[in-house]
Amino acid sequence: MTDTVYINGKFTAQPTTGVQRVASRLVQALDARAQGLPGRWVLLCPPGGQRPVLKTIDCQVVGRHQGALHLWEQVQLPLAARHGWLLNLAGSAPWGGGRNVCLIHDAAVFDHPEAYTPSFVLWYRTLFRHLVRHGATLLTVSEFSRQRLAAALRVDAARIAVVPNGADHLQGVRPDTEVLQRLGLAGQRYLLAVGSANPTKNLAPLVTAFAALPPASPPAGKVRLVIVGGVNERVFSGRHASEDPAGVQRTGRLGDSELKTLYEHARALVFPSRYEGFGLPPLEAMGCGCPVLASCAASMPQVCGDAALYVDPDSATELTAAMVRILEDDALAARLRRDGPLQAARFTWAASADRLLAAMPPGSLA
């Protein structure tokens, strides 16, 4: 008898941030495998979710609408998946699930609890430890995250398989060039930052470092700092400053077409994050030919390789100096535009899907 692999579709009813994007792209890559998927696969979605169009993977809406997605995931989802394996791709998983396969993106609730609300930290620390005790198959997105999770959960790192993110999802996206007019950026020089309100993204120090740019930099005139990303105060502790200095422009969340345009026209992406399980925006930028100035912390050197200009995220002076360099050094910018696409091409969602299949528990794909 063939086992069924059910996929936790909670992400289909959530706003698209990092983990939701990863879950969506992995599902699409699994569905698109030319040789087909072994066994039976079913995406279980909550009522009200945006059901993706899939060819091979069945898509089913299960349960009844009860308001909170957390309740759906903890009560209705495990009931629907009780006769098979449950693949959880967006960080969370049911407490009472049976055969769980869980992609845990990072160990941030252990390494940086100050970045989150106390209730968020308590729940996820407890959940991850519970999953370990009950034999869940563990996946993560980078060697850095594997080592940090192994230390936090007190398990052998060999128990955690690495399934990297892909970076080719913007290739088929048609740019929305009108966004430059809407944001007043047409003909303007700007640095781009992409990230949520999580304090580990280091956006507040980035704004401070940007404000310290010398008046003569860049020589061609004024430059802006454009920050793309949303805010979720139920998850992250702290807020960005209510008043930004001149030249800083926050857009909120943008769609892929708009984001691709901003990558293509930016002088550089500045990504000074102090902590990343993987760090997808730098590879997105590289794939669009955008030079990248990245933090030398956490997973970033593993992900960006030699295709980024690195900076100490804890040094405001160094960050300001690096921005001046990326603005003024045309030869450096040209090298990064050349090397970035080659680095990004190493990470594809098809390869990630194959890594995921190879990490599935023995017997789950019989």
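Me: Which residue does leucine 139 stand opposite in β7?
Reply: Leucine 139 faces alanine 161 there. This is a predicted model, where local features need pLDDT of at least 70, side-chain atom pairs count only at pLDDT 80 or more, and totals for chains, interfaces and linings use all residues. Residues are numbered from 1 along each chain as its sequence is written, and side-chain values use heavy atoms, leaving out hydrogens and water.

Me: How many bridges join β6 and β7, and in what sense do they pair?
Reply: Three bridges, in the parallel sense, with β6 covering residues 137-140. Pairing takes at least two DSSP bridges between two strands; strands (E, at least two residues) and helices (H or I, at least four) are DSSP runs numbered from the N terminus.

Me: Nice. Which helix packs on the sheet there?
Reply: Helix α5 (residues 143-153) does, touching β6 and β7, and its direction makes about 165 degrees with that of β7. Contact means heavy atoms within 4.5 Å. Axes are lines fitted to C-alpha atoms, for helices over the stretch in contact, and angles run from 0 to 180 degrees between N-to-C directions.

Me: What's the strand order in the sheet?
Reply: β3-β2-β1-β4-β5-β6-β7, an open sheet of seven strands with parallel pairing. β3 (58-61) and β7 (160-162) each have a single partner strand, so one side of each lacks a neighbour in the sheet.

Me: Switching to helices: at what angle do α9 and α12 pack?
Reply: About 120 degrees, with the axes of α9 (residues 280-287) and α12 (residues 330-344) 7 Å apart.

Me: Which residues make that contact?
Reply: Leu283, Met286 and Gly287 of α9 meet Gly340, Pro341, Gln343 and Ala344 of α12.
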